[in-house]
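User: I'd like a close look at one part of this model, please. Keep it brisk.

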Protein chains: 4
Amino acid sequence: MAIKKIAVLTSGGDAPGMNACIRAVSLAAIGAGAEVIGYKYGYNGLLKQEYIHLDPYAVRNLLQRGGTVLHSARCEKFKQTDQLHIAAQHLNDAGVDGLVVVGGDGSFKGAERLQSIWDKPIVGVPGTIDNDVAGTDYTVGYHTAIQTAVESLDKVRDTAEAFERIFVVDVMGREAGFIALNSAISAGADHVLLPETFTTAAEELVKILDKLDKRRKNRANKSHIIVVTENLWPGGLNVLADSLQAESGVDVRILTLGHVQRGGSPVWQDRLLATKLGTYAVEIIKQGQKGMMSAINHRLPAAVPLNDVSIERKELNSYSMQIRDEISLLG
Amino acid sequence: MAIKKIAVLTSGGDAPGMNACIRAVSLAAIGAGAEVIGYKYGYNGLLKQEYIHLDPYAVRNLLQRGGTVLHSARCEKFKQTDQLHIAAQHLNDAGVDGLVVVGGDGSFKGAERLQSIWDKPIVGVPGTIDNDVAGTDYTVGYHTAIQTAVESLDKVRDTAEAFERIFVVDVMGREAGFIALNSAISAGADHVLLPETFTTAAEELVKILDKLDKRRKNRANKSHIIVVTENLWPGGLNVLADSLQAESGVDVRILTLGHVQRGGSPVWQDRLLATKLGTYAVEIIKQGQKGMMSAINHRLPAAVPLNDVSIERKELNSYSMQIRDEISLLG
Amino acid sequence: MAIKKIAVLTSGGDAPGMNACIRAVSLAAIGAGAEVIGYKYGYNGLLKQEYIHLDPYAVRNLLQRGGTVLHSARCEKFKQTDQLHIAAQHLNDAGVDGLVVVGGDGSFKGAERLQSIWDKPIVGVPGTIDNDVAGTDYTVGYHTAIQTAVESLDKVRDTAEAFERIFVVDVMGREAGFIALNSAISAGADHVLLPETFTTAAEELVKILDKLDKRRKNRANKSHIIVVTENLWPGGLNVLADSLQAESGVDVRILTLGHVQRGGSPVWQDRLLATKLGTYAVEIIKQGQKGMMSAINHRLPAAVPLNDVSIERKELNSYSMQIRDEISLLG
Amino acid sequence: MAIKKIAVLTSGGDAPGMNACIRAVSLAAIGAGAEVIGYKYGYNGLLKQEYIHLDPYAVRNLLQRGGTVLHSARCEKFKQTDQLHIAAQHLNDAGVDGLVVVGGDGSFKGAERLQSIWDKPIVGVPGTIDNDVAGTDYTVGYHTAIQTAVESLDKVRDTAEAFERIFVVDVMGREAGFIALNSAISAGADHVLLPETFTTAAEELVKILDKLDKRRKNRANKSHIIVVTENLWPGGLNVLADSLQAESGVDVRILTLGHVQRGGSPVWQDRLLATKLGTYAVEIIKQGQKGMMSAINHRLPAAVPLNDVSIERKELNSYSMQIRDEISLLG
């Protein structure tokens with residue numbers, strides 16, 4: 001299919017590598033003879049016809065930059081049917097032959113709704129640090145967020161060991177434990193709390209204390225690091241910290257890594273993934289496929305129906321779950 | 001003066017480069033023909049006679065390591081006169097000819113008290129990320145803490161700009177604005193709140209809003225970064241964030257960098273400074289000088305009486321203060 | 001199978017994450033009730049009965065350390081049959097029930113030879129930055145080496161663009177282009193030379209000049225980065241640089257990244273991979289399987305016969321090869 | 001003095017923080033009510049009237065970027081008197097009231113020559129990784145280059161120790177040992193060769209072998225790192241490596257860090273220094289002072305006659321020289 005113009009936007013929570021996606025989509029489209037425009041502030045730009053032209057100069061040196069030059073935003077309005085029609089009209093007015101939406105599952109739901117009333121291809125590119133998008137092995141931003149978390153945990157370990165304290169560290173992930181599980185294993189944390197396995201505060205506290213107890217027998221040092229997925233502990237981490245301090249008698253500190261996990265120059269895997277998924281999104285548009293996600297499965301790109309993406313819940317790696325329990329008793 | 005044995009300990013808040021100090025003291029002492037022991041957990045180890053031997057093997061590869069292998073701790077007990085006498089006795093029993101205390105001004109007060117009843121040299125090495133020790137241009141750990149803060153602020157900027165948010169970022173420093181001022185200028189933050197200049201919440205809020213207003217006229221983007229020294233805003237940063245959001249209409253987020261600022265491999269300046277101050281501390285002991293701090297002034301090491309250190313308040317750099325106001329109106 | 005003692009060694013070219021392997025093997029073995037010893041200097045330690053005990057204290061904080069505390073080495077002698085018998089005897093004398101060899105394909109050949117005459121399980125763990133081991137998706141060290149190369153390429157780009165120079169950058173990889181291909185795409189290099197596709201110097205030079213020519217039309221800047229796998233260009237990179245400079249009229253500089261690619265704290269993927277492959281190696285030994293490699297395939301660990309590993313050549317990712325050509329014409 | 005337009009250019013070897021200088025000059029000038037233009041490719045842009053406008057948008061986010069958006073270059077032509085007159089004419093034609101030249105001593109010589117025939121202020125800002133500019137404590141780029149060298153040396157140590165090799169590492173610095181001396185001490189290298197103290201290859205080789213010999217007695221490991229200033233060893237590092245290998249019997253490897261030392265996001269000290277020197281350069285222009293360098297002395301900015309700069313040779317830190325010998329015997 002001959003394409004003359006492709007549009008791209010970034011939507012939802014920002015992630016390192018979104019700029020690399022914008023670059024890849026742009027270069028692939030330009031390479032295919034098309035023009036490229038980028039809507040600003042996610043779907044808001046589409047509704048307001050606010051966009052910029054993306055030529056090779058505009059995307060130069062974007063590969064390595066954190067953030068998104070198109071800006072991102074949530075867009076509540078985009079849930080209204082009349083707004084979808086305005087968006088479709090704007091795409092047609094601008095002569096757009098295909099739209100690439102870089103974002104997470106919330107953004108993909110918007111893409112699906114828009115696709116249902118627009119007759120040209122919309123392709124989603126999974127861009128979120130949370131990795132909570134089914135149908136693709138990885139999402140853009142995930143690799144960098146974990147590396148940032150691990151580097152912070154390495155630093156926390158220094159001070160935890162110096163003072164023999166317990167540190168409770170809050171990492172991002174929304175409803176999914178991908179960042180928590182992988183950063184905890186990679187940083188040699190003593191324990192990790194995941195939404196996928198969390199039961200009750202009382203039960204989890206028993207498990208934590210039991211683990212700390214066992215570990216202390218295997219080494220002199222009383223420092224411990226416990227990684228917790230955001231928003232998981234009922235009442236917040238202060239509640240957990242107070243309980244831990246009361247029960248263990250060891251000084252407990254809290255650290256919330258927060259938004260640093262969303263920033264920074266992407267690590268190579270996110271740059272490579274963004275480049276693959278972005279170029280493949282253009283390929284999907286050229287093939288005229290509608291309502292697809294540009295995904296990576298077993299290291300090769302694939303077109304996966306957005307519809308399938310929304311109904312599936314993504315599993316944590318089974319072997320990672322296994323070694324989490326084995327290793328952390330001794331480590 | 002012939003010295004046969006030197007002791008070293010790290011005390012108070014831990015700082016990157018404390019290990020490099022331990023290594024430097026050890027290598028310089030060994031080079032001078034002395035043995036070296038390291039007391040663990042600050043003054044607590046001195047009171048409990050808990051120490052390890054520090055030979056060239058023991059300090060190998062410590063230069064680049066964060067934390068402190070001797071551990072650190074506060075020691076309330078050390079304020080009691082009878083405990084000082086126990087400490088002095090322990091030093092004599094162990095045959096120690098000189099003691100090096102790596103820490104901040106609180107640790108130096110302990111060193112002064114101990115010096116007043118012990119007849120051999122005690123030397124302080126300024127090791128704290130806060131840089132709030134008078135009599136020395138810089139303290140060990142300060143350079144790394146700012147670099148860590150700046151790297152985090154760089155990441156925060158990515159996400160702040162993507163979403164056009166205001167970020168209020170809490171950095172360490174205790175009662176001093178060194179980390180806040182330098183990290184804010186180095187990261188191009190829009191505003192910085194310092195203990196040295198803070199008046200009232202109401203007045204400071206007016207200044208912040210005024211600054212944000214001016215900056216917005218100079219650029220389209222509504223993202224801003226405000227750096228705040230820890231414990232400064234009355235009622236906490238939530239209070240500030242709520243006021244800012246209400247007044248500006250822009251989404252405000254809070255980030256507390258926290259203990260990551262105390263960890264990590266020291267940057268080269270802290271390694272070099274630690275090496276200079278540690279070796280010079282041994283020199284001071286060899287000269288038989290008592291109650292001194294091993295300091296850096298105008299890039300050369302110097303012996304400064306601990307007594308002078310405790311009464312002086314250290315000023316922020318005057319030109320940094322000046323450009324803080326100039327640059328940040330536009331930048 | 002009840003195991004009482006497991007031995008581990010690191011052999012061949014060192015790679016970031018080897019220490020994490022040593023830790024994982026040790027913790028998994030200790031968790032299974034076994035003792036662990038580590039032979040030093042690869043197979044040399046086995047021949048000289050030079051080893052250390054690895055308890056939880058010994059492997060503490062190894063996860064994040066570059067290098068290998070067991071040291072590595074090549075061992076020519078190990079190709080002699082009589083030496084293999086000595087090694088087997090030493091393993092028996094020490095009461096070893098299973099041996100883990102962390103290294104590349106050369107080290108695995110030694111493992112196979114030893115397995116042919118020793119009756120207890122030997123398991124290989126793929127540890128090499130080159131990723132040139134078939135039968136496993138990735139090798140330990142590979143992810144870190146590419147990240148190091150990409151960070152260096154990012155820095156080179158700054159100076160290349162400042163001066164509008166061509167930089168020819170030599171990266172490691174031995175006979176394989178994994179590091180070169182992935183670092184080139186991830187850093188947005190203009191061209192990459194791979195052992196898998198290299199024809200002749202004359203032909204490749206034409207392609208390079210053609211590419212540079214096309215790219216220059218798409219942008220004003222005359223700076224270019226060309227990534228070359230080590231030892232690939234006939235006569236060395238000076239020959240290539242001279243030709244390029246003569247033909248393009250642009251100033252050409254050479255940079256050989258070298259051994260920095262082998263060092264540094266491993267990135268999280270190498271830590272995680274090392275932890276998985278190390279623990280799984282112990283699992284393979286417990287199962288009594290002989291002559292296996294602990295591999296990762298589609299994100300799960302698997303036992304792969306070492307024999308299969310040695311005969312297969314590993315392919316570069318097909319989609320990476322494709323985008324290499326597409327993207328680099330414009331980027 | 002009322003200034004309406006200021007021009008800035010970057011010249012000579014590029015250095016991290018040049019962009020931060022451009023930003024600081026621009027913001028300070030704009031803050032003073034002036035317009036700003038930036039000449040491209042150093043003095044070449046001045047001769048060709050090739051420049052861009054620098055408003056707050058143009059310099060946004062330049063603070064943290066490596067390289068120089070104005071590009072840099074040497075300019076042989078600028079040594080000709082007729083070219084100087086052309087340059088002065090171009091400055092007058094553009095209505096420029098003051099010129100800021102960011103560069104090293106070579107660039108400052110050009111600035112002095114131009115100042116001798118132009119009647120408005122020219123101010124030099126010392127920007128070079130080599131730190132070889134007298135009259136200022138530090139130059140912009142110097143802090144980052146050493147940090148880059150130290151991080152590389154940390155990685156080299158990993159692989160050096162794994163294989164027990166000697167690494168000879170070439171660092172930049174031109175005719176000055178600042179980078180070599182500071183990176184060697186900060187990385188705990190075993191020996192460093194400096195242009196300031198180098199005698200003959202024969203004598204230096206004896207010293208190196210003697211040092212390695214002493215160190216080996218203090219530890220089991222035979223790995224050593226020797227830092228060498230570029231272009232220092234007669235015949236090149238291969239000659240040194242061959243001699244070392246022949247004499248020591250230990251495997252010797254060479255690593256040339258090269259241009260990575262010129263790139264990368266500047267560390268905070270270079271950002272702060274660039275901001276101070278850049279803003280102060282505008283202050284000097286406002287004061288109407290001619291032929292000055294904006295310098296940093298004892299942590300405060302100062303105007304230093306360019307003439308004084310060119311005749312003085314800058315000394316290495318005396319205490320650094322002293323500990324270099326003491327510490328490195330034991331290490």
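Which residue in β2(D) is the bridge partner of Val8(D)?

Analyst: Gly38(D) is the bridge partner of Val8(D) in β2(D). This is a predicted model, where local features need pLDDT of at least 70, side-chain atom pairs count only at pLDDT 80 or more, and totals for chains, interfaces and linings use all residues. Residues are numbered from 1 along each chain as written, chains are lettered from A and ligands numbered from 1 in written order, and side-chain values use heavy atoms, without hydrogens and water.

Start with the strand pair. In chain D, β1 spans residues 5–10 and β2 spans residues 35–39. They run parallel, joined by four bridges. (Strands are DSSP E runs of at least two residues; helices are H or I runs of at least four; both are numbered from the N terminus. Pairing takes at least two DSSP bridges.)

Now widen the view. β1 and β2 belong to an open sheet of seven strands in chain D, ordered β3-β2-β1-β4-β5-β10-β11. Its pairing is mixed. β3 (51–53) and β11 (300–305) of chain D are the edges, each pairing on one side only. From one strand to the next, the twist averages 30°.

A helix covers part of this sheet. α9 of chain D, residues 268–286, lies across β1, β4 (98–103), β5 (122–126), β10 (292–297) and β11. Contact means heavy atoms within 4.5 Å. α9 runs at about 140° to β10(D). Axes are lines fitted to C-alpha atoms, for helices over the stretch in contact; angles run from 0 to 180 degrees between N-to-C directions.
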